[in-house]
Amino acid sequence: MSTSLDQKLTGSKGFLERFTHFISGEPQNILELNRSLEAAYQRGILNLEALNIMQGALQVTEMQVREIMIPRSQMTVLKSSNHIKDLLPVIIQSQHSRFPVVGEDPDEIIGILLAKDLLPLMQQDHSEKIDIKELLRPAIFIPESKRLNILLAEFKNNRNHMAIVIDEYGTPSGLVTIEDILEQIVGDIEDEHDFENDLFIKPFDRDQYVVKAVTPVAEFNEHFKTTFSDEEFDTIGGLVINSFGHLPKRHETVSIGRIHFKVLNADKRSIRLLQVTSTETVQAEAS
């Protein structure tokens with residue numbers, strides 16, 4: 001066999017092997033794609049930050065709005081009947097940039113007020129006579145089940161930054177912003193809905209709480225009347241990871257005593273947010 005022919009056959013064989021590997025090794029679902037990304041990280045093709053962002057983007061395609069929305073109990077809502085001067089203290093104290101505005105019916109959100117739209121009025125003596133309804137932007141309403149990747153695309157196309165979430169009866173149940181979605185991809189972004197620096201535990205629903213993984217065990221015990229030991233682990237996240245026996249992924253759950261933990265946010269290095277519910281509540285919902 002001539003050298004040129006041998007090289008051609010060898011080259012063809014190499015191409016066929018690569019092609020066969022491509023069609024047989026192509027990820028068939030998100031789980032396999034995640035494994036491929038993790039393998040690329042292990043081989044040094046991706047760094048940890050790139051891996052987290054890519055996996056975060058994949059994670060968003062599986063998540064629904066209800067999983068990340070700001071619940072109604074945590075929303076700062078303005079009343080259209082109030083004078084602007086009465087609204088300013090609330091706006092300044094909350095430090096938000098956008099506010100849902102309700103009419104006479106507290107369940108009726110009639111629009112969104114942007115704080116920046118009030119700035120030109122601050123130099124006007126007759127600002128009290130301005131009807132707040134004249135300043136409102138249209139509110140966007142979405143169901144709790146809406147996929148985050150679809151909502152993100154709509155935010156980009158419509159240039160909206162906030163949507164009101166409604167339940168199956170059409171009643172507002174919370175709100176979600178574009179920043180909330182981006183956080184699922186790139187990690188924590190400091191915005192108006194983040195925890196305060198000294199706040200570790202935030203009520204989410206009647207029987208649920210969102211808890212930072214860095215919450216000191218002693219503070220967790222004080223809030224939930226538990227008796228977890230802080231001799232081995234300083235934070236509730238360390239206690240939860242130890243109970244799992246591995247670094248858990250999003251949606252993994254574990255019960256420790258009478259407390260049920262669900263991982264809400266995690267990456268390859270640590271867990272960040274936990275959903276905390278009593279085991280009694282979980283059992284009641286399951287029955």
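## Salt bridges

A salt bridge here is a side-chain nitrogen of Lys or Arg within 4 Å of a carboxyl oxygen of Asp or Glu. The model is predicted, and a search of the whole structure finds 5 such salt bridges. One of them joins Glu38 and Lys249, whose closest N and O atoms are 3.9 Å apart. Glu38 belongs to helix H2 (residues 30-42), while Lys249 sits in the loop between helix H8 (236-244) and strand S10 (253-256). The two residues are 211 residues apart, and the pair links distant parts of the chain. Lys249 counts as partly exposed because its relative accessibility is 47%, which falls between the limits of 20% for buried and 50% for exposed.

Arg72 and Asp107 form another salt bridge, with 2.6 Å between the closest N and O atoms. Arg72 lies in the loop between S1 and strand S2 (78-79), and Asp107 in the loop between strand S3 (98-102) and strand S4 (109-114), so this pair ties together parts that are 35 residues apart in sequence. Both partners have a computed accessibility: Arg72 is partly exposed at 32% relative accessibility, and Asp107 is partly exposed with a relative accessible area of 36%.

A further salt bridge brings together the side chains of Arg137 and Asp117, at 3.1 Å from N to O. Arg137 and Asp117 are both in the loop between S4 and S5, 20 residues apart. The relative accessibility of Arg137 is 37%, so Arg137 counts as partly exposed.

## The four-stranded sheet

An open sheet is formed by 4 strands in the order S1-S7-S6-S5, with mixed pairing. Its edge strands are strand S1 (70-71) and strand S5 (141-143), each of which pairs on one side only. Inside the sheet, strand S6 (residues 162-166) and strand S7 (residues 172-177) run antiparallel and are joined by 5 bridges. Which residue of S7 is the bridge partner of Val165? The partner is Gly174.

Helix H5 (residues 148-158) packs on this sheet and touches S5, S6 and S7. The direction of helix H5 makes about 65° with that of S7. Helix H6 (residues 178-186) lies across S1 and S7, and runs at about 65° to S7.

## The three-stranded sheet

Another open sheet has 3 strands in the order S2-S3-S4, again with mixed pairing. S2 and S4 are the edge strands, each pairing on one side only. S3 and S4 pair in the antiparallel sense, over 5 bridges. Across this pairing, Arg98 stands opposite Leu114 in S4.

The loop between S3 and S4 holds Asp107, and the loop between S1 and S2 holds its partner Arg72.

Asn221 lies in helix H7 (residues 217-224). Is Asn221 buried or exposed? Asn221 counts as buried because its relative accessibility is 13%, and the limit for buried is under 20%.

Leaving out residues up to four places away in sequence, Asn221 touches Thr226, Thr227 and Phe228. With Thr226 there is also a polar contact of 2.6 Å, which joins the two side chains.

Conventions: Residues are numbered from 1 along each chain as its sequence is written. This is a predicted model: local features need pLDDT of at least 70, side-chain atom pairs count only at pLDDT 80 or more; totals for chains, interfaces and linings use all residues. Side-chain values use heavy atoms; hydrogens and water are left out. Two strands pair if DSSP finds at least two bridges between them. Contact means heavy atoms within 4.5 Å. Axes are lines fitted to C-alpha atoms, for helices over the stretch in contact, and angles run from 0 to 180 degrees between N-to-C directions. Buried means under 20% relative accessible area, exposed over 50%, partly exposed in between (1.4 Å probe, protein chains only). A polar contact is a pair of N or O atoms within 3.5 Å; within protein, one must be able to donate a hydrogen and the other to accept it, and residues adjacent in sequence count only if both atoms are side-chain atoms.
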